[in-house]
Amino acid sequence: MELKRSLNTFDSISVLFSSMVGSGIFFTSGYLIKETGNLWIVLFCWIVGGILALSGSITYAYAARLLPFAGGDYVYLRVAYSPAIAFMSGWSSLLTNFSACVSVLALAFGKYVQILFPELPVWESPTYTLLGLDLQISSITFIGVLPILFFSTLNYFGIKSAVRVQNVFAVLKITGLLLFLALGFSIGNTNWSYLIHSPIPNLTELSFYSKVLIGIVPVSFSYLGWNMITYIAEEVKNPEKTIVRSAITACFLVAGLYFVINLLFVISAPIEELSGQDGIGAIAFQKLFGVNYSILTTSFIAWVILGSMSAILIGGSRVYFAMARDGVFLPSFSKIHPKWHSPYVSIFFQAFVAILFLFVKEIEALLYMITCSILILSCLTAATPFRFEKMGLKSDYKIPFYPLPIFLYILANIAVMTILFIEKPVTAGWGLMITLIALPVYYGFRLDKKLVKVKK
């Protein structure tokens, strides 16, 4: 059971770019400004986030070159460590890394749809709290279901058709963002004094580093997707060259784009009007160009969100497919459609889990939960080149400045997780709990298989 190799370099860069550049750039800076209270630290966090994404990308490329199969982290952890640790990664992907990430995008999309169509009915159910997590059903919940079902159905008809649509999203997304930047800096109502008058942070104070670390959390969310190519590696043509080339190219493009966009954000309005706002992109556009263009910017942001959601849904379903193919997940998840060559059971189950996460009330809570869950196992994945070398598995690909990027990525992740558990213990705890639950599920599944064999 193998997937068909049909993606070229442009397709790969398109998927990577779209999965990285989503709604995060249009709302996470509001949380970032709230947490740090300093515009210089905000810009610094985006630079650090880009460096970490690039470090992770060139590190993961080593494993992807050795094992160009569907599944990403799951495959590398299974070969380097054990099936149990690999299962934890796949389980986290199912419940947080991909599904909850799709839910964040769907909720953000729902909010922008309500801005575009104010005549739509707006309602919210009472809030229910489960182990510190607030749950709620609202009109935004039902709006968010629609794009999840649409793109999941599109993926059902094969990755080539899904990527064709993805390429359209990517081209229009890049064009729109470049136009936004060109017009913003040339004719927008910018005010550099907002940035200049922001206090220069004191690098000798411990508070500076704690603010940077907590600020990296929403930034890391916005960079999520830099490893998307590893999940669809089995469907990439000439993976030996395409994977590395597309991953590094996409990281450089996105890091540069993110920094310039945030520079434009912070000179568009006073810090008080941006702090804590989950619609910072729309606010900046309104301040730069006036209220008359608010419909245009809101529509564009909704378009960007949809493009990112489409890319993430493509990559995530391949993880559960790989787990089932290895015999550590429900066998039906390994089914490939005979005509469309898509792992259709995995695709629609992922959609189901993502819809369940739409009941979480706050986007911010999901954001911290996702980041914590991802960081826990990504440290082990980043260290796989050391394991592969000990196992005698060597690639012709050489990690630039080896082993510095590996240590940089791992140490940064540990530091971020530490500050996250201190500052956001409830949501970080949820991320950890979801990850650890994987172990009893895995051994329960293995025990069940043994019992079935004994009965036979």
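**Val-171.** I started at Val-171, which is found in helix H8 (residues 159-187). Helices here are DSSP runs of H or I with at least four residues, strands are E runs of at least two, and both are numbered from the N terminus. I looked up the cover of Val-171: with 43% relative accessibility, Val-171 is partly exposed. The cut-offs are under 20% relative accessible area for buried, over 50% for exposed and partly exposed in between, with a 1.4 Å probe and protein chains only. I then took a C-alpha to C-alpha distance from Val-171 to Ser-18 and got 9.4 Å, across 153 residues of sequence.

**Ground rules.** I am working on a predicted model, where local features need pLDDT of at least 70, side-chain atom pairs count only at pLDDT 80 or more, and totals for chains, interfaces and linings use all residues. Residues are numbered from 1 along each chain as its sequence is written, and side-chain values use heavy atoms, with hydrogens and water left out.

**Whole chain.** I counted 21 helices and two strands. The radius of gyration is 21 Å, close to the 23 Å of the globule rule for 456 residues, so the chain is as compact as a globular protein of that length. That radius is taken over C-alpha atoms, and the rule is 2.2 Å times the number of residues to the power 0.38. Along the principal axes, the C-alpha atoms fill a box of roughly 70 × 50 × 45 Å. I found 58% of the 456 residues buried. Of the contacts between residues at least 6 apart in sequence, 84% join residues at least 24 apart. A contact means heavy atoms within 4.5 Å.

**Charges.** I have 30 positive and 21 negative side chains, and the centres of the two sets are 13 Å apart. Lys and Arg count as positive, Asp and Glu as negative; His and the chain ends are not counted. Each charge is placed at NZ of Lys, CZ of Arg, CG of Asp or CD of Glu.

**Aromatic pairs.** Rings of Phe, Tyr and Trp (its six-membered ring) pair if their centres lie within 6.5 Å; planes under 30 degrees apart are stacked, over 60 edge-to-face, the rest tilted. The count comes to 29 aromatic pairs. One of them is Tyr-60 with Tyr-409, edge-to-face, at 6.5 Å centre to centre and 75° between the planes. Tyr-60 lies in helix H3 (residues 39-66) and Tyr-409 in helix H19 (residues 404-423), so this pair ties together parts 349 residues apart in sequence. Tyr-60 is buried at 3% relative accessibility, and Tyr-409 is buried at 5%.

I also looked up Phe-329 and Phe-333, an edge-to-face pair at 4.9 Å centre to centre and 70° between the planes. Phe-329 is buried at 10%, as is Phe-333 at 4%. Ring pairs link both into a cluster with Phe-87, Trp-91, Phe-349, Phe-352, Tyr-442 and Tyr-443.

**Val-102.** Which helix holds Val-102? Helix H6 (residues 99-116) does. Val-102 is buried, at 0% relative accessibility. Leaving aside neighbours within four places in sequence, I list its contacts as Ile-148, Met-309, Ile-312, Leu-313 and Ala-354. Ala-351 is 249 residues from Val-102 in sequence and 8.6 Å away, C-alpha to C-alpha.

**Helix H14.** Seven of the 10 residues of helix H14 (residues 280-289) are buried. Among them are Ile-280, Phe-285 and Phe-289. Gly-290 follows H14, with a positive phi near 100°.
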